[in-house]
Amino acid sequence: MGREDTSETMSLKARIVQALKSETEKGASDVELATLRLIECAVRDRDVCARGRGVGEGCPDADVRAVLETMVAQREVSAREHDEAGRIEDAIREREEIEVIEKFLPVPLSGAKLDAAVQDIVEDLGASKLKDVGRCMSALKDKFPGMVESGTAGKAVRDALTRS
């Protein structure tokens, strides 16, 4: 189960609601349905908070993506704790939930795509020294929200700057 492509025009919230409806109709696994319900509930909660701050349309996709990333991080910690405590079945369930949540997260840039994106940013900013890494990383994260993993992108930026 890989992550889905984010090129769709549908908002992240709409994709979650649609997935919940279609999986309910299909009679998907208990883990998948329960996880989709948890996702929808967490997003709805974030929407309520946003409306309380005066944002009438609810939270944007960036906030929904942050909620999903937090949910994945929580489950990774839980799975590790379950493994250490010898509760293998609980750890497996946590990892199954992670797979469901990750379907809605963008595919991180890697390989040639990451190198090309980094090279474009370096050229656009006119960066040439290692002191420009922070500026390049910031621009990269702005241009590709949710698709940049700091460790691999930072290494790619440093490599590009040392080559130039």
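Predicted model: local features only at pLDDT ≥ 70, side-chain atom pairs only at ≥ 80, totals over all residues.
The largest nonpolar core has 20 residues. Ile16, Leu36, Ile39, Val64, Leu68 and Phe104 are the members with the most contacts inside this core. Each of α1, α2, α3 and α4 supplies at least two of the core's residues. Another core, of 18 residues, lies apart from the largest one and includes Ile121, Cys136, Met137 and Ala139. In soluble globular proteins, nonpolar side chains tend to be buried together.

Isoleucine 16 belongs to helix α1, which spans residues 12-26. Its relative accessible area is 1%, so isoleucine 16 counts as buried, the cut-off being under 20%. Between isoleucine 16 and valine 43 there are 27 residues in sequence and 9.3 Å in space, C-alpha to C-alpha.

Helices α2 and α4 pack with their axes 9 Å apart and at an angle of about 60°. The two helices are therefore oblique to each other, and α2 passes α4 in a right-handed crossing. On the α2 side, the contact is made by Val31, Glu32, Ala34, Thr35, Leu36 and Ile39; α4 contributes Arg93, Glu96, Glu97, Val100 and Ile101. Six residues of this contact are nonpolar, one is polar and four are charged. Leu36 and Ile39, named in this contact, are also among the residues with the most contacts inside the largest core.

Methods. Residues numbered from 1 in each chain as written. Heavy atoms only, no water. Helix = DSSP H or I, 4+ residues; strand = E, 2+ residues; numbered from the N terminus. Buried < 20%, exposed > 50% of the residue type's maximum accessible area, 1.4 Å probe, protein only. Core = buried A, V, L, I, M, F, W, Y, C linked by side-chain atoms within 4.5 Å. Axes fitted to C-alpha atoms, helices over the stretch in contact; angles between N-to-C directions. Parallel < 35°, antiparallel > 145°, perpendicular 65-115°, else oblique. Left-handed = near helix turned anticlockwise from the far one by under 90°. Contact = heavy atoms within 4.5 Å. Nonpolar A, V, L, I, M, F, W, Y, C, P; charged D, E, K, R; others polar.
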